[in-house]
Every structure is written in C-alpha cells, then in structure tokens.
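Student: I am new to this structure. Can you walk me through how to read it, feature by feature?
Tutor: Gladly. Let us look at it together.

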Amino acid sequence: MSRDTTLYYFEPNGFIPNHPTLPVLHYKQVLKNSENNMGKIFRSHNWGNSWVDGVFPYHHYHSNSHEVLGIMKGSALLQIGGEQGSKIILHAGDVLLLPAGTGHKKLSATPDLQVIGAYPNGQHYNTRRDTEEDFRVAMAEIENAPFPQEDPVFGKRGPLIEIWTRIKD
C-alpha cells in the first residue's frame with residue numbers, strides 16, 4: 001500500500017447513506033507529475049466513463065457505483081461523508097476513491113481546479129442528493145454496486161484491492 005494513503009470511514013449522516021463497510025481511500029500525491037495522464041492510467045485499469053470538470057458544490061453521492069476522483073490541476077477543499085463528515089484538502093496529484101453511497105461536496109477550490117472522475121468497468125452512474133426519497137432507495141443500490149476488479153492507480157494491487165477486498169470477504 002502507498003504509505004501516503006488515508007482511510008476514512010463514515011456512518012450514515014442525515015440523508016447521506018455513505019458505504020456501510022468500505023472506507024474512502026485518499027492517495028496523497030500518488031500521481032504527482034502524472035496529472036495529464038490520469039485518465040490514461042485510470043482507463044488502463046478498467047476505470048472509464050470518465051469526465052473532466054469540478055465537483056458539485058452540494059452534497060451528493062452515487063449509489064450504484066464506486067467513483068475515483070483525480071486532481072489534475074489546482075486544489076480543493078471537499079467535505080466527505082455528509083454535513084458532519086470530514087473536510088479534506090486535495091492537491092494536484094491526489095486521488096480519492098469513494099465507495100458507492102459516499103457523500104461528497106466541494107466547499108472551495110482554486111480557480112484552476114480540474115478533476116477527472118471515472119467508474120469501474122466504465123459503469124454508468126447515478127447522482128443522488130441528500131433527500132429522504134433518494135436515501136430510501138439508495139441502500140439496496142449501494143449493496144449491489146459492482147465491485148471493482150482493479151485499483152484505478154495500481155491495477156491488480158494497491159489499497160483498493162488490499163483493503164476493500166479484505167473487508168468485502
């Protein structure tokens with residue numbers, strides 16, 4: 001495992017379900033000097049359906065898919081896990097792995113912020129908000145989110161495989 005990986009566990013928070021067992025993984029500076037190749041690296045490990053933009057400035061989550069966020073340029077302060085969650089500063093070269101159901105929101109960012117997001121097996125994802133209606137249907141979707149076969153950065157090895165697989169089994 002990268003020695004600069006931080007794990008975050010969250011319980012449900014308001015109408016943000018978070019994942020019941022899998023932690024958020026923050027790979028610090030793992031792709032520093034590779035920011036322009038993040039999409040290629042993710043795709044080489046079967047994480048696709050990618051986009052390049054920012055992060056929504058409101059709490060949201062994806063209940064049917066896990067998500068990787070790579071910081072290509074700039075930096076951002078994100079709130080992860082809902083209103084009582086953790087505030088995490090991300091810099092260019094950082095990668096954040098969000099298990100299905102994990103709330104996230106941009107609190108602030110530098111003007112040059114550029115984020116790439118991708119999903120295991122190029123999966124299509126939904127976007128849910130912190131509402132009672134979304135929360136009610138999200139739990140079953142979270143439990144059925146397909147498990148990634150590879151870590152988006154390290155492939156068949158790495159924290160996702162080492163930590164998530166151990167927890168899942």
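Student: How far apart are Glu 132 and Arg 136 in helix H2?
Tutor: This is a predicted model, so keep that in mind throughout. Glu 132 and Arg 136 are four residues apart in helix H2, so about one helical turn separates them. Their side chains form a salt bridge, with the closest N and O atoms 3.7 Å apart.

Student: What lets two such side chains pair?
Tutor: Side chains of opposite charge can pair when their charged atoms come close. Glu 132 is partly exposed, at 45% relative accessibility. Arg 136 has 58% and counts as exposed, because the cut-off for that word is over 50%.

Student: How many salt bridges does the structure hold?
Tutor: Three. Arg 128 and Asp 134 meet in one of them, at 3.2 Å from N to O. Glu 141 and Arg 128 meet in another, at 2.9 Å from N to O. The partners in this pair come from distant parts of the chain: Glu 141 is in helix H2 and Arg 128 is in strand E11 (residues 128-129), 13 residues apart.

Student: Which residues are linked in a network of salt bridges?
Tutor: Arg 128, Asp 134 and Glu 141.

Student: Is Arg 128 buried or exposed?
Tutor: Arg 128 is buried, with a relative accessible area of 15%. Asp 134 is buried too, with a relative accessible area of 15%. Glu 141 is partly exposed, at 24%.

Student: Next, rings. How is a pair of aromatic rings described?
Tutor: By the distance of the centres and the angle of the planes. The structure holds six aromatic pairs. Take Tyr 27 and Phe 154: the ring centres are 5.7 Å apart and the planes are at 50 degrees, so the pair is tilted.

Student: Where do Tyr 27 and Phe 154 lie in the chain?
Tutor: Tyr 27 is in strand E2 (residues 24-27). Phe 154 is in the loop between helix H2 (132-143) and helix H3 (159-168). The two are 127 residues apart, and the pair links distant parts of the chain. Tyr 27 is buried, at 0%, whereas Phe 154 is partly exposed, at 35%.

Student: What lies over the face of Tyr 58?
Tutor: Arg 129 does, at 3.7 Å from the ring centre.

Student: Now strands. How do side chains sit in a regular strand?
Tutor: They alternate between the two faces of the sheet. Look at strand E5 (residues 67-73). Six of its seven residues are buried, so E5 is largely enclosed by the rest of the structure.

Student: Which strand is joined to E5 by four bridges?
Tutor: Strand E8 (residues 95-98), and the two run antiparallel. Glu 67 has Leu 98 as its bridge partner in E8. E5 also pairs with strand E10 (residues 114-120), again in the antiparallel sense, over five bridges. There, Ile 71 stands opposite Val 115.

Student: Where does Lys 106 lie?
Tutor: In strand E9 (residues 104-109). Lys 106 is partly exposed, at 26% relative accessibility. Now compare the chain with space. Gln 79 is 27 residues from Lys 106 along the chain, yet their C-alpha atoms are separated by 6.4 Å. Setting aside residues up to four places away in sequence, Lys 106 touches Val 55, Phe 56, Pro 57, Leu 77, Leu 78 and Leu 113.

Student: Which members of the largest nonpolar core touch the most other members?
Tutor: Phe 42, Leu 97, Leu 160 and Trp 164, out of 20 residues in that core. E2, helix H1 (38-44), E5, E8, E10 and H3 each supply at least two residues. H3 gives the most, with four.

Student: What does Leu 160 touch?
Tutor: Again leave out residues up to four places away in sequence. Its contacts then include Leu 25, Tyr 27, Trp 47, Leu 97 and Pro 148. Glu 150, Asp 151, Pro 152 and Thr 165 are also among them. Tyr 27 is the ring that pairs with Phe 154.

Student: How many residues are in the second, separate core?
Tutor: It has 15 residues, among them Val 24, Ile 71, Ile 88 and Leu 113. Two of these names have come up already. Ile 71 is the residue opposite Val 115 in E10, and Leu 113 is one of the contacts of Lys 106.

Note on methods
Residues numbered from 1 in each chain as written. Predicted model: local features only at pLDDT ≥ 70, side-chain atom pairs only at ≥ 80, totals over all residues. Heavy atoms only, no water. Phe/Tyr/Trp six-rings, centres within 6.5 Å; stacked < 30°, edge-to-face > 60°. Buried < 20%, exposed > 50% of the residue type's maximum accessible area, 1.4 Å probe, protein only. Lys NZ or Arg CZ within 6 Å of the ring centre and 35° of its normal. Salt bridge = Lys/Arg side-chain N within 4 Å of Asp/Glu carboxyl O. Pairing = 2+ DSSP bridges. Contact = heavy atoms within 4.5 Å. Core = buried A, V, L, I, M, F, W, Y, C linked by side-chain atoms within 4.5 Å.
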